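This report describes a ligand site and a strand arrangement in turn. Please keep the sequence and the model in view while reading.

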Amino acid sequence: MKMTGAQIVCESLVKEGVEVIFGILGGVLLPLYDTMPQYPQLRHILVRHEQGAAHAAEGYARATGKVGVCMATSGPGAANLVTGIADAYLDSVPIVAITGQVAKPFIGKDAFQEIDITGITLPITKHNYLVLDPGDLAKTIKEAFYLARTGRTGPVLIDLPKDVQIDRADFNYPEDVVLPGYKPTLKGHPAQIKKAVKLVNEAQKPVILAGRGVIISGAYDELKQLAETAQMPVVTTLLGISGFPDSHILSYGWLGMHGMAYANLAINDADLIIAVGMRFDDRATGRVSGFAPNAKIIHIDIDPAEIGKNVRVDVPIVGDVKNVLKALNKTITQAEHIEWLEQLDDWRREHPSTSIRESDSVLPQYVVRKIYEVTGGDAIIVTGVGQNQMWAAQHYWFDKPNSLITSGGLGTMGFELPAALGAKVGCPDRVVWSIAGDGGFQMTIQELGTIAQERASVKIAILNNGFLGMVRQWQELFYEKRYVATPLSCPDFVKVAEAYCIHGLTVRRKEEVVPAIEQAMREPGPFVINFMVEPEENVYPMVPPGASLAEIVEEPKKEVKIWPQRNTP
Ligand SMILES: Cc1ncc(C[n+]2csc(CCOP(=O)(O)OP(=O)(O)O)c2C)c(N)n1
């Protein structure tokens, strides 16, 4: 039976199990949107800006592991998706972006709202398509979802000219995808696994370094088994947080520029690093020439392009993390590394890294710790970028798998609010907190409108320091406190929330922190808390730019420790 292109798109999305589309329509997408009501399985969420659509699709995908879908019209709509697509690309998030395009006869004519979105997104998508024949739609959509969710997951874009949505073709949804040249290696090579096992058995000071690949492949149990069998400490990357429970006896925090000092020291002193589903990003490694100077490195990753890209690797294993860890677990022998673990425990005692000093003012770290306590560590935390992101990652403790959603690779301010919406839509039974800075929050503040319209019960904590805080910190430390263009005014966020019919509170005193968080949790709908935090608080520890992990700098002021440390007995 012949169908319109728009019907074929909807049928195909239903076949792919799509439940929700985040988007904004426009003239060239009218045929598709006009058809959508015939498919009640497809929930459309009208965002306020297309960047929000892409981040919401990412939040949905990151929280559920399913492919997120966003949609935008041609020209400015498509261009507005670009930041979110790039964000998904750098963090390997499976999304499919569908854009409208001007009708075929207008392509290349600088027509109204025409941009070459496939050209623009070529370097930031796994693949993209301009569909010129409705007969190609079903196959294209099948391929797009397959590419997004297999191998190294990532964004795929499909550009749909208006006439292709109107014209008719036969609809046959293909059973299989045939893509010669695209065959991700899923199983690790046995010879490499053997070499890795030998290194593990010989190591005296091994460290597992776990990245987001663990979360993407759902290899939580396999990672735990490997760590426990060979008694190896686990350090994660920022994006690997919640791939291994923080309360586990073998958990030693996360590494990098604002990671725990003891995690960085562990990496620095290790004689073997088993890097699992991570890509040695510069914020994680510090100065590459000083990275893990004493260690042999086993690198497990599904993407062969990552092997040896940033650091030298002794044993590469290309494959899906879950499969490779399973294979390793089959042959790894039981071992003990008591002395090594004692050394790490000493470092953790000497350099606690997540203590919070006593203060009468509202410290941002204190706010995060109280959100942790009131939520019982059960929430999905979605962060902005900057100091708020680092404090959220340091002071919320993550025991539930996949419970931190953060923009690690692109570092996109404004990610938090729409991504939190997407996470809540994907996981309606989970408590979702968005932790934002006052700068980033103003970048996508309009998505409060979407949250209000959808009655999405997202809880929002703004750590309001009156600055573009992370940049101010760099100005303080490296530019002699010349605060150029970082002091920032903001509207009354509670009034803005109220204008969207969302309840909120401003917190100025320490004793108001917990009652406000409790009130947010009690309210059935979304809730905004504007925490007026210590304006010039800095994030520590810190590996200064250009320094190696071993040169990590701790909080200069003497701290009074008032909080227990992560999993210290
Ligand atoms: C879209 C975007 N623009 C600029 C930056 C550069 N940048 C990184 S952190 C930061 C400051 C963030 O300020 P705020 O959102 O208030 O958070 P804070 O650091 O104060 O917690 C800036 C401007 C960025 N990461 N993303």
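**The open sheet**

Two strands pair if DSSP finds at least two bridges between them, and helices (H or I, at least four residues) and strands (E, at least two) are DSSP runs that are numbered from the N terminus. On that basis, six strands form an open sheet with parallel pairing, in the order β16-β15-β17-β18-β20-β19. Because β16 (404-405) and β19 (503-507) each have a single partner strand, they stand at the edges, and one side of each is left without a neighbour in the sheet. The pairing of β19 with β20 (residues 527-532) is parallel and runs over five bridges, with Thr-506 opposite Asn-530 in β20.

The model is predicted, so that local features need pLDDT of at least 70 and side-chain atom pairs count only at pLDDT 80 or more, whereas totals for chains, interfaces and linings use all residues. Residues are numbered from 1 along each chain as its sequence is written, and side-chain values use heavy atoms, with hydrogens and water left out.

**The ligand shell**

The ligand is surrounded by 17 residues (a heavy atom within 4 Å), and the closest are Gln-387, Asn-388, Gly-411, Gly-439 and Gly-440. At least two shell residues come from each of α16 (387-395), α18 (438-441) and α20 (469-478).

Among the pairs of N or O atoms within 3.5 Å, which count as polar contacts, a polar backbone atom of Gly-440 is 2.6 Å from an oxygen atom of the ligand. A backbone N or O atom of Phe-467 lies 3.1 Å from an oxygen atom of the ligand, and one of Met-413 lies 3.3 Å from a ligand nitrogen atom.

Note on methods:
A polar contact is a pair of N or O atoms within 3.5 Å; within protein, one must be able to donate a hydrogen and the other to accept it, and residues adjacent in sequence count only if both atoms are side-chain atoms.
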